[in-house]
Amino acid sequence: MNNNNKIFQFKLVLLGEAAVGKSSLVLRFVRGHFLDYQESTIGAAFLAQTVCLNDTTVKFEIWDTAGQERYHTLAPMYYRGAQAAIVVYDIRSEDSFERAIKWVKELQRQGSPNIVIALAGNKLDLAAKRKVETAEAQQYAEENGLLFMETSAKTAQNVNELFVEIAKKLPKTPTTRPGSGRLPITPIDNNAAKKKTCCNGN
Amino acid sequence: MMMNEEVDDESSRPWSYYLDEYPFPQKRMTRIMSIKNKVEYHIKNKIKIPDEYRSKIWYLMEKLDTFTDCEKNKNVFTDCFNTKNEDIENDVQTDAVRTCPSAQYKIKLKNKQSNSKDSLFKVLKAYAIYNEEVQYTQGMNYLCLILLCYFLEEESFWMMDILIKKHGMRHFFRKTKTFLPSYLTIFERELEYQLPELSNQFKKEGIQVYMFIQGWWSTIFVYILPVESVPVIWDYFFWGANGTGVEVLFRLSIALLKMLESTLLTANLTEFFERVKTASAELDTVELIYQAHNVELTATTDSLLREILTKEHQLLGDSTTNGGEPIDDNPFNAFDSQKLTSLILKVNQQILLDNSGDPEYERHYSSGSVGYTKTPHNSGRYATSSKTTNIAPPPKEKVIDYDILYYQQLVGVDHDDEDDKSHQSSSSSYLSSCVIS
């Protein structure tokens, strides 16, 4: 890795209805694997992963939250201070798309200003059972200034691409630092960085 | 080994004496007390209870037969299961199919259930219909998984009810308002006192209790500990909870963090989660519950936990508040969901009334007090006080809204954040909406 690389660290949160594939997306991105039956997340899970762009390295600190509506009251703890969010829905479920829209609105209202929001229509491998049309979601995303991709955690389609797009869109200003402001920006451990996602970024 | 050097007569008899061959059918309470004493002996002497006895030990300690044999409860499980509710069914089904027991769980489950996913669905669905207050909340699936390792479906259903109502797991699961934020605040303070060095490390690295502990508590550690450890933890939980399950969870959490302290003292946020996972996989669980048993919670925490319980009981019109016994006498009406809803409203109103302009409240718990250990006055108070005498309990007859405090700590005090102002304004509107909802 180029030692002259600038390293930026961002807090990213995943939101969306239960069982749309939030944890699966993260695990595909971070660990490169997929489980047919991913256990439900209680509270939230934390994982970190890096993305290399041309001359910069972006380290994501990822908060993968519980999706059940019941846990909604705890969500602000996780999206607070996040510079990026992925709002996930299941392309087979209109309800989950409506829920995603609610999350987007909440983030726009209460999230960090300038938060980069990506809308992800997951389970693209099951497109035969699609209920949410690509065009509709695309249009919604454009109207609201969101990144948009349809993804499949199972086949890995568009998963790394989604994180790379977010990394590109995040402002790389000298003041960029993690949400808590507490973590020093440190060199990334090369062993921890996965080949697939690293330096794949343009 | 168990037979030899034990002083206590009760502990010296084999499990089978109490579980299978107990000669005094009339002496029901004596039998249960003897079993509890024996469990206590095992905890104190770091002896593992053999797994084959667990079903019966838990069954008897919880007096499960009073639920399953009660005429009133006869068809409850089946009726609830047969009640149609598509939303609940979808929710439960989603999780039932993905609560994937590891291979070891599968071995355990096989003894009792032919198809664990079906059983999970049945019990959770029936329970969601039965208990309108909590319905189905994620976390219950993990509890149910353990129960199904030791009980039949209908028994698991009633054990679920015992965990949720009698032992207070409802505080994490209920629909309208969980006590989770309150407990988080109280626990953070307890952690500062019990493990100050680790607590400081957490602050330095931006690790906050809410980030990891919900999974520990709402699943009674199923979420974090390996298969073989969980039943040992549950031995201690059933033995110690008696209406105050949250206190047991506090003890276990403190003990766990204490045992992991050396590895966590050098961990940053990213390393923290990995290390907790790795280290707790190799943990000596018998040691853990021994440590938990020996944790002395501060008087403040103790009284706050009791305050929450007392308030609930009082407002439910239940004058007796000592542990689980009154609930045992009347297990079926004690936590009527309508009463509970009105209770929650009352508690919240009381909080607002109690705390408006209360100087005591302001002094101890104003929003700035998140860093209370930094002020010489407070740090002295906490550092030198003995565990039972010197810590001033909160004013009597008052309920402090730790939910508010918690959100203040989390949302309002991060001064080095550039976006502070906008956060605070959004957080205050959020606060008002979460107090009474």
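Guide: Helices (H or I, at least four residues) and strands (E, at least two) are DSSP runs, numbered from the N terminus. Here, Glu133(A) lies in the loop between β5 (116-122) and α4 (134-143) of chain A. This is a predicted model, where local features need pLDDT of at least 70, side-chain atom pairs count only at pLDDT 80 or more, and totals for chains, interfaces and linings use all residues. Residues are numbered from 1 along each chain as its sequence is written, chains are lettered from A and ligands numbered from 1 in the order in which they are written, and side-chain values use heavy atoms, leaving out hydrogens and water.

Visitor: Is Glu133(A) buried, partly exposed or exposed, and why?

Guide: Buried means under 20% relative accessible area, exposed over 50%, partly exposed in between (1.4 Å probe, protein chains only). Glu133(A) has a relative accessible area of 46%, so Glu133(A) is partly exposed.

Visitor: Where do Asp161(B) and Lys165(B) lie?

Guide: Both are in helix α11 (residues 153-166) of chain B, 4 residues apart, about one turn of the helix. Asp161(B) and Lys165(B) are buried.

Visitor: How many aromatic pairs are counted over all chains?

Guide: Rings of Phe, Tyr and Trp (its six-membered ring) pair if their centres lie within 6.5 Å; planes under 30 degrees apart count as stacked, over 60 as edge-to-face and the rest as tilted. That rule gives 42 aromatic pairs over all chains. Phe29(A) and Phe163(A) are stacked, at 3.6 Å centre to centre and 5 degrees between the planes. Phe29(A) is in helix α1 (residues 22-31) and Phe163(A) in helix α5 (residues 159-169) of chain A, so this pair links distant parts of the chain, 134 residues apart. Phe29(A) is buried at 2% relative accessibility, and Phe163(A) is buried at 0%.

Visitor: What about a tilted pair?

Guide: Take Trp216(B) and Phe221(B): 5.8 Å centre to centre, 40 degrees between the planes. Trp216(B) and Phe221(B) are both buried.
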